[in-house]
Amino acid sequence: MIAFKKGGIIVAKKGEARQRVTLKCTECDNQGYRTEKNKRNTTDKLELNKFFKKCRKTTIHKEEK
Ligand SMILES: [Zn+2]
């Protein structure tokens with residue numbers, strides 16, 4: 001992770017904004033993927049198009065909350 005300086009002070013610390021998220025298939029409601037996101041850069045819920053074995057096709061996976 002890149003630490004950037006603001007007014008001479010390092011504001012970003014290593015691992016500070018990382019958040020673990022579980023992605024859920026929108027078609028069969030199964031949890032499919034785990035990933036990480038940067039809370040600071042990604043404030044919206046994650047949505048990824050992924051091939052899912054249980055559906056045997058590519059479906060939209062949304063962040064579970
Ligand atoms: Zn599915």
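Me: Which residues does Tyr-33 touch, not counting those up to four places away in sequence?
Reply: Tyr-33 touches Leu-23, Lys-50 and His-61. Contact here means that the C-beta atoms, placed from the backbone, lie within 7 Å. Bear in mind that this is a predicted model: local features need pLDDT of at least 70, side-chain atom pairs count only at pLDDT 80 or more, and totals for chains, interfaces and linings use all residues. Numbering starts from 1 along each chain as its sequence is written.

Me: Ok, and which strand is Tyr-33 found in?
Reply: Strand β4. Strands are DSSP runs of E with at least two residues, and helices are runs of H or I with at least four, numbered from the N terminus.

Me: What's the bridge partner of Leu-23 in β4?
Reply: That's Tyr-33. Likewise, Thr-22 has Arg-34 as its bridge partner in β4.

Me: How many bridges do β3 and β4 pair over?
Reply: Seven, in the antiparallel sense, with β3 covering residues 18-25. Two strands count as paired if DSSP finds at least two bridges between them.

Me: And what's in the turn of that hairpin?
Reply: Five residues lie between β3 and β4, and Asp-29 in the turn has a positive phi of about 70 degrees.

Me: Back to Tyr-33: why does it count as partly exposed?
Reply: Because Tyr-33 has 15 C-beta neighbours inside 10 Å. A residue is buried with 20 or more other C-beta atoms within 10 Å of its own, exposed with 12 or fewer, and partly exposed in between, with C-beta atoms placed from the backbone.

Me: How many helices and strands are in the protein chain?
Reply: Zero helices and six strands.

Me: And what share of the residues is buried?
Reply: 6% of the 65 residues in the protein chain.

Technical notes:
Two residues are in contact if their C-beta atoms, placed from the backbone, lie within 7 Å.
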